[in-house]
Amino acid sequence: MVTLEGILPGIVDAHVHYFHPTRSAWALQRFARLAQGPARFAPAPVLRLAAKVGAVEDRRYRIDPSIMAKPYEPAQYTADTATLARVAGVGITNIVAVESHWRPAKSPAELMESSLTEVAYLESLPDGAAAPSNGAIVAAADPRVEGFGAHLDRLVATAEHLRGIRFKWAHHPDPAIFDWRHQSDTVASRDFLRGFEQIARHNLAFVSFSYSHQLGYLDALAREFPETTIAIEHLGVPVGVFGPAGVETGMTASARAEILNLWRERMAMIALRPNVVVKVSGVGLSVLGYGMGTAGSIGSRAVLADMIGPLLVHVVEHFGPDRVIFGSDSPVDRPNSSIDMTVGAILDVLGGRGDYLLRQLFAGNAQRVYRLG
């Protein structure tokens, strides 16, 4: 069994969501709308009601609602990774804290303000010592909004560890798959490109969340901004590639083969852009087609390795060892795949491809892209 012992001192987890139901921006927005006022003044019954309403919403996004009801901070993450060294031979040394706006903001102004609140919250969390170092922050933002440059200036001034901007522009033709935007080509709009110039100006990475059929739109973006790193999240999210998702996606073996083939073509095309990297993350997302539930649909490390193996091999062969980055997607993936299971499955698939790939995938590339250290 391949491990990382002797290959690198520790793993950099480039995709972790820290939040607290009564401190995080997305939760405060929910509470404030129900309480008709600031969440910190809301009585306990209102907070409990908000949690129940939120649980219904979370199911729409195929997220296990039990996750959102409790804090997930360095102490909880440390508990989740306590046994990782038995599987990987090493533990976690650094993490990248990625924004946790689970649902779209009601307005651009709300997103801007909640993003500022969130980065301040992330900067306030314990760093190092009893928990892995919070080496970088990726904040939520919408480059299309008026005044985006000024907003980005405020984010940079607020967050010492800010290294990237995440924009969720996923759109799917299946009506039961959640849409973050109303159209598939958001990143090609004039307003978006104008705002993207500000991301490039600050030397921040652009972290992209879309579905796999949208990846072609990133090609023009990568060509226009060749000096800006673009990170494709969650292997490009090929919805329904493993099984039925939504009401009409991946329903048959031939449909799943078509999804996989389109994903292969899109990934091979975007791999030609040297400023694009891929995050090997989100492998436990139920929307990939593991089942209609939100938990326990994979079963074992061997099953996970068998399912994600073709995706991992294709990505490594086209992007090479210097443009793939590991992320656990904690705690979202946990109901389907613990960190131990995810890392173990990746090692089972890629462990025989050499120490250099493992060193870059599990640490080196994240250190470079997010300027850790």
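Which residue in β8 does V280 stand opposite? Select V280 and look across to β8: the residue is F326.

**Before you start**

This is a predicted model, where local features need pLDDT of at least 70, side-chain atom pairs count only at pLDDT 80 or more, and totals for chains, interfaces and linings use all residues. Residues are numbered from 1 along each chain as its sequence is written, and side-chain values use heavy atoms, with hydrogens and water left out.

**The whole chain**

Show the protein chain as a cartoon. It has 13 helices and 8 strands. Helices (H or I, at least four residues) and strands (E, at least two) are DSSP runs, numbered from the N terminus. Of the 373 residues, 58% count as buried. Buried means under 20% relative accessible area, exposed over 50%, partly exposed in between (1.4 Å probe, protein chains only).

**Strand β7**

Select residues 276-280. This is β7, and 5 of its 5 residues are buried. Check the side chains: V276, V278 and V280 point one way, V277 and K279 the other. Two strands pair if DSSP finds at least two bridges between them. I230 has V276 as its bridge partner in β7. Follow the chain from β6 through α10 to β7: this β-α-β crossover is right-handed. That is, with the strands pointing away from the viewer, the path from the first strand over the helix to the second runs clockwise.

Most residues other than glycine have a negative phi, and most peptide bonds are trans.

- Select H234, in the loop between β6 (230-232) and α10 (253-270). Its phi is positive, about 55°, although H234 is not a glycine. H234 counts as buried because its relative accessibility is 4%.
- Go to D329, in the loop between β8 and α12. Phi of D329 is near 55°, again a positive value in a residue other than glycine. D329 has 2% relative accessibility, so it counts as buried.
- Move on to S330 and P331, joined by a cis peptide bond with omega about 0°. P331 lies in the loop between β8 (324-326) and α12 (339-350).

**Salt bridges**

The whole structure holds 12 salt bridges. Each is a side-chain nitrogen of Lys or Arg within 4 Å of a carboxyl oxygen of Asp or Glu.

Select K168 and E99. Their closest N and O atoms are 2.3 Å apart. K168 is in strand β4 (residues 162-168) and E99 in the loop between β2 (92-98) and α6 (108-124), 69 residues apart. Both are buried.

Next, pick R154 and E113, with closest N and O atoms 3.5 Å apart. R154 belongs to helix α7 (residues 148-158) and E113 to helix α6, 41 residues apart.

Finish on R223 and D219, which meet at 3.2 Å, N to O. Both lie in helix α9 (residues 217-224), 4 residues apart, about one turn of the helix. R223 is partly exposed, with a relative accessible area of 48%. D219, at 11% relative accessibility, counts as buried.
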